[in-house]
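Here are my notes for you as you begin reading this model. Keep the 3D view open beside the text, and find each residue on screen as you go.

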Amino acid sequence: MMVQEICRDIKKLDFAKKHITTTITALHRLTMLVSAVEQLQVMASKRQYKEAAAQLEAVNQLCSHFEAYRDIPKITELREKFKNIKQIMKSHVFSDFSSLGTGKESEDTNLLQHLSDACLVVDALEPSVREELVNNFCSRELTSYEQIFEGAELAKLDKTERRYAWIKRRMRTNEEIWKIFPTSWLVPYRLCIQFCKKTRKQLEGILDNLKEKPDVATLLMALQRTLEFEDELAEKFGGGTQSREIGNEIEDIGRQNNSQSASDIRKKYEKKLAAHQGSENEEKDGNKDLSAPGAGFNFHGIISSCFEPHLTVYIELEEKTLMENLEKLVQEETWDVEEGSQNNVLSSSMQLFLIIKRSLKRCSALTKSQTLYNLFKVFQRVLKAYATKLFARLPKGGTGIVAAATGMDGQIKTSDRDERVICYIVNSAEYCHKTSGELAESVSKIIDSQFADRVDMSEVQDEFSAVITKSLVTLVHGLETKFDVEMAAMTRVPWGTLESVGDQSGYVNGINMILTSSIPVLGSLLSPIYFQFFLDKLASSLGPRFYMNIFKCKQISETGAQQMLLDTQAVKTILLEIPSLGRQTSGAAGYSKFVSREMSKAEALLKVILSPIDSVADTYRALLPEGTPMEFQRILELKGLKKSDQQSILDDFNKGAPAISQPSNVAAAGQAIQPAAPATTVQAISNPALVGFIASREDVLTRAAALGRGAATTGFKRFLALTEAAKDRKDGPFRKLFNA
């Protein structure tokens, strides 16, 4: 308490001193502010801009100290006076700048320096004053431009280049004069932006007012000059530069990239990464206020985008040119490939993609928006038309009255040259399928992002896939037609009166000669995947056809059946050797199983024909479980049975048919069928009524397989040996032979 009482008076003195000091400082600053405002008023009246700029800074600082005293009348009066002085200075500056560009600068040598000092005053005033001054200057500079190019003589599309020459000449002529502006004002930059906007507006009016479609050459020339001008502005002011990787993307279309080195692949992905990062930066820049100085305004498209809705005539011309080139390429196509060619592709397909690449280059240099997408759709139509041309070149089957009368209706005849042409068409369609995908990928990288997801070549690729499939099927049908003579020869062999089993028949040699002549050529021209497809189609065609051809024969004796079984195995051997013949063995294992499965049906049929009369029904059901009564009746006819003798066997067959509850696959010919029963058979044994049938079925299967081996080697002697071994059995189908 004592200390507080002692210090009470000292605190009062301290506060008094502080208030006195603050008051003295405020009065001193007020005196300075009054004096500064009066001096500024004199400077403003005399247009002493350099001194006034410094004085403005001082007054602004002094005014900041009196923000808390706004309501004091004297302060309010001073602030109002200062505001009026700034308004006077602004009007003086704007008035002086109105003389810029009128020629007075050449008469008054001090005018440029005077205006340069005035810029200092503008910087000291509010930012809005600078914006207004620059906008006024740019508008005044472009007034003459609008007047010149709105006239009837120059307001034409073919005069577009003169517009850009005007602004470049203007900037070059006034470069020294415009140095009066501080570089931070970006006056040339702002002038060019306003010029571009006014030019775009005028060009839009010209294009919209055209009474007829514009001349394509004039339109493209104007667009090209506009793009060049935009490139120059972008380079000059450093904003929105385009990627230079477009040409590389287009050049990569259709190139064989199987031999790329690790460094090439690394460079490719480095380019992709750089392009991706560049697009991210561009997207960030796009969020800036493009009209603000230094924001990186993107000049690309600021004028040229107005041409976009009017480029339909250009696309129509490109489509017409591409279609004409396509017709010419197809007409000049030799449908042959030079010796030593690595890819065996028709020259028309490679030339077509070269033409498409040039068209893509031209368009991507002009626009990457809707017009480029429209051109991409043109590419789709052109490639589909080429697929149709390839399809039309394939050999066709015979049609008309003559073809029907001769039995050639729908049959396809192919020469050795036709087979080579078909292979070239397959390879060309494969090349087009692959390259069209690369084309779509390149376009999606070039085109504007809003169109990238719509760039798709799947429909075109489906067209070329259909051409490949049809070509390979035609190849198979052509070989089938060649087999017609041999199949007919097979039916003319007197199988019913054949006395002995000898070497393979003549028709087998004919089949072998046909395949030996065609397969090596096809194997050398087709890729492994399509050669394998061809082989599968051939086996699935020839196997069933050989099977059905047996039914076309007349009566077949046991010796004839043995000879035919030998022939069947010879044909199977020939088919199994086709992959080696074509020097393509990559898928040989699967193909061999396929051939064995198809040809085993013919072998099984012949084993049924070889079986005795009393057991033929059981053998048929065992070896051909999916057979039909009509087919079984035909087998009886092949065995030489009369109609009267057939009826009882058919009745027994029809009665026994339901006993086969589940069909089983026929075993491969020439291999003994093991009697290991599946699960369904094990369950059936529990029924005593079926025991006899299953034992009979196993006997038939075992002996029929052995019979097949015997017929292919020692002939009928093997069959006699089997019957001798069956004499001692008390049951089984062969026992009936000895009880008769």
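1. **The whole chain.** Please remember throughout that this is a predicted model. The protein chain has 30 helices and zero strands, so colouring by helix is a handy way to begin. Of its 740 residues, 42% are buried. Take the contacts between residues at least 6 apart in sequence: 78% of them join residues at least 24 apart.

2. **H16 with H18.** Two packed helices are described by the angle between their axes and the distance between the axes. Helix H16 covers residues 416-446, and helix H18 covers residues 458-492. The axes of H16 and H18 come within 9 Å and cross at roughly 165 degrees. An angle over 145 degrees counts as roughly antiparallel, and H16 and H18 therefore get that description. The crossing of H16 past H18 is left-handed. On the H16 side, the residues in contact include Ile422, Cys423, Val426, Ala429 and His433. On the H18 side they include Phe464, Ile468, Leu472, Leu475 and Leu479. Sorted by class, this contact has 13 nonpolar, seven polar and four charged residues.

3. **H18 with H19.** Now follow H18 to another partner, helix H19, which spans residues 506-525. H18 and H19 pack at about 165 degrees, and their axes are 8 Å apart. H18 and H19 are therefore roughly antiparallel, and their crossing is right-handed. Among the H18 residues that meet H19 are Leu475, Leu479, Lys482, Phe483 and Met487. Their partners in H19 include Tyr507, Ile511, Ile514, Leu515 and Leu522. By class, the contact has 11 nonpolar, three polar and two charged residues.

4. Where does Leu526 sit? Leu526 is in the loop between H19 and helix H20, residues 528-552. Is Leu526 buried or exposed? Leu526 counts as buried, because its relative accessibility is 4% and the cut-off for buried is under 20%. Leaving aside neighbours within four places in sequence, Leu526 is in contact with Cys423, Val426, Asn427, Leu472, Leu475, Phe531 and Gln584. Leu526 and Gln584 are 58 residues apart in sequence, yet their C-alpha atoms are 9.7 Å apart in space.

5. **H3 with H6.** Here is a pair with another orientation to look at. Helix H3 (residues 73-97) and helix H6 (residues 127-149) pack at about 20 degrees, with axes 11 Å apart. That angle makes H3 roughly parallel to H6. H3 passes H6 in a right-handed crossing. Lys90, Val93, Phe94 and Phe97 of H3 meet Val129, Glu132, Leu133, Asn136 and Arg140 of H6. By class, there are five nonpolar, one polar and three charged residues in this contact.

6. **An enclosed helix.** How many of the eight residues of helix H24 (residues 616-623) are buried? Seven of them are, so H24 is largely enclosed by the rest of the structure. The buried residues are Val616, Ala617, Thr619, Tyr620, Arg621, Ala622 and Leu623. Notice that Arg621 is one of them.

7. **Cysteines.** The structure holds zero disulfides. Cys138 is in no disulfide, and the nearest cysteine sulfur, that of Cys192, is 8.9 Å away. Cys138 is buried, at 0% relative accessibility. Cys119 is buried as well, with a relative accessible area of 1%.

8. **Two backbone angles to check.** Arg47 has a positive phi, near 60 degrees, although it is a residue other than glycine. Arg47 lies in the loop between helix H1 (2-46) and helix H2 (49-64), and Arg47 is partly exposed at 29% relative accessible area. Leu186, also not a glycine, has a positive phi of about 55 degrees. Leu186 is found in the loop between helix H7 (160-173) and helix H8 (187-208). With a relative accessible area of 26%, Leu186 is partly exposed.

Methods:
Residues numbered from 1 in each chain as written. Predicted model: local features only at pLDDT ≥ 70, side-chain atom pairs only at ≥ 80, totals over all residues. Heavy atoms only, no water. Disulfide = S-S within 2.5 Å. Buried < 20%, exposed > 50% of the residue type's maximum accessible area, 1.4 Å probe, protein only. Axes fitted to C-alpha atoms, helices over the stretch in contact; angles between N-to-C directions. Helix = DSSP H or I, 4+ residues; strand = E, 2+ residues; numbered from the N terminus. Parallel < 35°, antiparallel > 145°, perpendicular 65-115°, else oblique. Left-handed = near helix turned anticlockwise from the far one by under 90°. Contact = heavy atoms within 4.5 Å. Nonpolar A, V, L, I, M, F, W, Y, C, P; charged D, E, K, R; others polar.
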